[in-house]
Each structure stands twice: as structure tokens, then as C-alpha cells.
Amino acid sequence: MDSSDDADFVHDDGEHDPETEKLLHSRRTVLKSIAVAAAGAAAAGTGAGAAPAAAETVRTAAGSAYAVAAGASVEVALSVNGQLRKLVLEPRVTLLDALRERLGLTGTKKGCDRGECGACTVLVDGERVKSCLTLAVMRGGAEVTTVEGLARGEELHPVQEAFIRHDAFQCGACTPGQIMSAVACINEGHTGSEAEIREWMSGNLCRCAAYQNIVAAVADAAKEVRR
Ligand code: FES
Ligand code: FES
């Protein structure tokens, strides 16, 4: 912390505000603890006989601030399709890669890998998220639903059934993302008209141009879900 931080907490008359001093103190304490933890991890990693896996892992509570040494991993706990899953991964790993490569849930597709196509759409705490654009570590403690989590045993979700009924996929690469967006679109109540469905599904691209059938499937499933 530099001295300009302290200057922010001094009144115009030169007196220190006790409340802000307290905040400043706790901020310093937090930063010091982070520095000590990071230094400890680095030192352990270079020590003779150190166990590399333990040295590289800085455990964090879900949602709390943390600092991670270069090359270190963090533990992330997610609820995925109703199951608690714990992962130790580098902070740079996207939610998409964590789902596909670490958990083997390959139903979620990787298209552009830069937020443009929507193939990687999953629900995070009920909201649609492009999983290639979010880091798994940022979602600690969240409830994630992928296309694998929609069916109840043999019984498909009404959106999945409607996609089959309306032949709303051709190659199917975009389909899992379209279905996840459709589920959210219906839950959000954005299915009042074809135009509204098109607008709220517009973050999902289909290179096979199955759009007409996708819109019909979403409209049909919306009636089914509301019944
Ligand atoms: S893969 Fe995420 S938006 Fe295309
Ligand atoms: S069905 Fe082929 S990309 Fe949509």
C-alpha cells in the first residue's frame, strides 16, 4: 500500500477519522496475510524435499479474495447438475474447460472460445453464462447446470423434447447452448412473440441456420413449461 492510500483517509483539517483508520488497518492486515501466504507457498515450493502439489496449492474459501503465486493452483467447489464437485486448478482455467476437460461433461460445446457463438452456454445460479468467458475460480460455490443436467432420468426436459419435435438442430454443434439459452429465455419470460424469442436467443449462433425451427421449439416449449 502506498502513502496515497492513507491520504484518502485524512480529513481536510489533518485529523485522522477513527472509522476509516479501522478500515485501513483491516485492509493492511488482509494484504499482509495474503503476502505471507504467497511467500510461504513460494518458499515451500523451493525447499528441499517439499511436496510440489501441496506447495503450489493455495486454498481459498468460496467467493473470498485471494492471492495465488505464479503457477499455483486453487481449490474450487462447484455444484454441477446437483452434485458437489471439488477441483484443484489454475486460476486461468475457464469454466468451459473445467466442465469439459476436468469433469468430462462434454455436452457443453466449445465453438469460438471467445464469447461470440453461445455454444458453451450453461446456467450459473439459474442465469445463462457463456462458460468460455468466465473463470471457474470466479464461480466458487455456484450452482452450475449443463445440458447433461436437464433430463430427469429417461424423461427429457420439455425444451429438449421440443427441439426434437421441431427438428431444431442439424449438425447439433450449437444445440446444447441453444437449449440452455432456451431454458433461461423461458424462465425469464421472454417468449411473448417470435420477435422476442429471436431477440433473447440472439447470443446463440447456428451455422446450419436452423433458426426458424429453434424459434418454433422455444415457443412450443414455453407453452409446455407454463402449463
Ligand atoms: S465457445 Fe463460448 S461463446 Fe463460443
Ligand atoms: S445445428 Fe449446426 S450449428 Fe446449429
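A disulfide is a pair of cysteine sulfur atoms within 2.5 Å. In this predicted model, the structure holds zero disulfides. Cys120, at 3% relative accessibility, counts as buried.

Strand S1 spans residues 74-80. Five of its seven residues are buried, so S1 is largely enclosed by the rest of the structure. S1 pairs with strand S2 (residues 83-89) in the antiparallel sense. Seven bridges join the two strands. Within this pairing, Glu75 has Val88 of S2 as its bridge partner. The hairpin of S1 and S2 has two residues between the strands. In this hairpin, Asn81 takes a positive phi near 50°. S1 also runs parallel to strand S5 (residues 143-145), and two bridges join them. Here Val80 is bridged to Val144 of S5.

The largest nonpolar core has 25 residues. Those with the most contacts inside this core are Val159, Phe163, Ile179, Met201, Ile214 and Val218. Helices H5 (158-165), H6 (175-188) and H8 (211-226) each supply at least two of the core residues. H6 gives the most, with seven. Phe163 illustrates the packing. Not counting residues up to four places away in sequence, Phe163 touches Ala168, Phe169, Thr175, Gln178, Ile179, Ala182, Ile214, Ala217 and Val218. A second, separate core has 19 residues, including Val74, Leu78, Val93 and Ala98. In soluble globular proteins, nonpolar side chains tend to be buried together.

Key: Residues are numbered from 1 along each chain as its sequence is written. Chains are lettered from A and ligands numbered from 1 in the order in which they are written. This is a predicted model: local features need pLDDT of at least 70, side-chain atom pairs count only at pLDDT 80 or more; totals for chains, interfaces and linings use all residues. Side-chain values use heavy atoms; hydrogens and water are left out. A nonpolar core is a set of buried Ala, Val, Leu, Ile, Met, Phe, Trp, Tyr and Cys residues joined through side-chain atoms within 4.5 Å. Buried means under 20% relative accessible area, exposed over 50%, partly exposed in between (1.4 Å probe, protein chains only). Helices (H or I, at least four residues) and strands (E, at least two) are DSSP runs, numbered from the N terminus. Contact means heavy atoms within 4.5 Å. Two strands pair if DSSP finds at least two bridges between them.
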